[in-house]
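I opened the notebook to look up a few things in this model.

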Amino acid sequence: MAEQEIARELLNETVTYAESSVCRHKLLLHYFGESYEKKDNCGSCDNCLNPKVKFDGQEDIKLALEAVVSTKQLFKSKHIAELLTGKKNRRYKSCPTRQKTSFLGLARTMISAIGVPL
Ligand SMILES: [Zn+2]
């Protein structure tokens, strides 16, 4: 594995740790090959003290996959995310009107689900 790939893998692990909603104690012990014997909630880490809001994202994922398919898998994840959040960039403007309507509807659906304004 090239040095750049190793660095990318370490960065991805760090991002995963930062974004995880799992107990930090449990994650750290797992990283070092140990297991957390207590309950799922340690009662002292940020995730246990302030659990992240969870929602059923099954429909959102379906719509996101539809966006990938409808753009014929030509775009990277960043562009798909921009389409889904309603960002009107050059590529968005080049999409057919039907797709724009679909993406905006998807964006509204996703935003209402997670409660973040456009
Ligand atoms: Zn915890």
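**Entry 1, the chain.** I am working with a predicted model. Read from the N terminus, the order is α-α-α-α-α-α-α. I then checked burial: of the 118 residues in the chain, 6% are buried. I also looked at contacts with a separation of 6 or more, and 31% of these join residues 24 or more positions apart.

Where does Ser20 sit? I found Ser20 in the loop between helix H1 (3-19) and helix H2 (24-31). I asked next why Ser20 counts as partly exposed. Ser20 has 13 C-beta neighbours inside 10 Å, so it falls in that class; a residue is exposed at 12 or fewer and buried at 20 or more.

How do the axes of helix H4 (residues 58-70) and helix H5 (residues 77-84) cross? I read an angle of roughly 115 degrees, with the axes coming within 10 Å. The crossing of H4 and H5 is right-handed. I listed the residues that make the contact: Ala64, Ala67 and Val68 from H4, and Ile80, Leu83 and Leu84 from H5. I sorted the residues of this H4 and H5 contact by type and got 6 nonpolar, no polar and no charged.

Definitions and conventions:
Residues numbered from 1 in each chain as written. Predicted model: local features only at pLDDT ≥ 70, side-chain atom pairs only at ≥ 80, totals over all residues. Helix = DSSP H or I, 4+ residues; strand = E, 2+ residues; numbered from the N terminus. Contact = placed C-beta atoms within 7 Å. Axes fitted to C-alpha atoms, helices over the stretch in contact; angles between N-to-C directions. Left-handed = near helix turned anticlockwise from the far one by under 90°. Nonpolar A, V, L, I, M, F, W, Y, C, P; charged D, E, K, R; others polar.
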